[in-house]
Amino acid sequence: MKILARNWRGLGGELDIVALEQQTIVFIEVRSFFGAFDPVSRPIVSEHKQHVLSRTAVAFLRRHRLLGRSARIDVAALHWRLFALPTIHYYRAAFEPSGFWQA
């Protein structure tokens with residue numbers, strides 16, 4: 001992936017990483033967890049945050065005239081443990097975008 005932007009702000013939200021993978025625009029939300037990590041019982045990205053990310057991603061696509069491009073939202077979850085490097089869990093197309101994704 002080629003990084004296009006980091007910490008991009010728009011429409012009341014922030015995109016941690018915007019990347020290009022072949023012809024697909026990839027929006028990557030980075031989350032950190034300490035201690036117990038169970039993505040099944042505890043959602044990594046709340047419903048509200050999913051909506052904000054979706055809306056902000058569309059704003060990015062509009063601003064850069066990329067609305068016709070394929071896009072998805074991934075999540076990188078860093079699981080930190082005491083005295084150890086983090087384990088990275090990467091979720092490709094982590095959730096279905098909400099709102100006006102196809103605007």
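What span should the 17 residues of helix 1 (residues 47–63) have at 1.5 Å a residue? The expected span, taken as 1.5 Å times one less than the number of residues, is 24 Å, and the end C-alpha atoms of helix 1 are 24 Å apart, which agrees. Helices (H or I, at least four residues) and strands (E, at least two) are DSSP runs, numbered from the N terminus.

The model is predicted, so local features need pLDDT of at least 70 and side-chain atom pairs count only at pLDDT 80 or more, while totals for chains, interfaces and linings use all residues. Residues are numbered from 1 along each chain as its sequence is written, and side-chain values use heavy atoms, with hydrogens and water left out.

Several residues of helix 1 are buried, among them V52, L53 and F60; buried means under 20% relative accessible area, with a 1.4 Å probe and protein chains only. The cover over the buried residues of helix 1 includes strand 1 (2–10), strand 2 (13–21), strand 3 (24–34) and strand 4 (70–80). Just after helix 1, R65 has a positive phi of about 55°.

Strands 1 and 2 run antiparallel and are joined by seven bridges; strands pair if DSSP finds at least two bridges between them.

Strand 4 holds R72, which counts as buried because its relative accessibility is 11%.

Note on methods:
Buried means under 20% relative accessible area, exposed over 50%, partly exposed in between (1.4 Å probe, protein chains only). Contact means heavy atoms within 4.5 Å.
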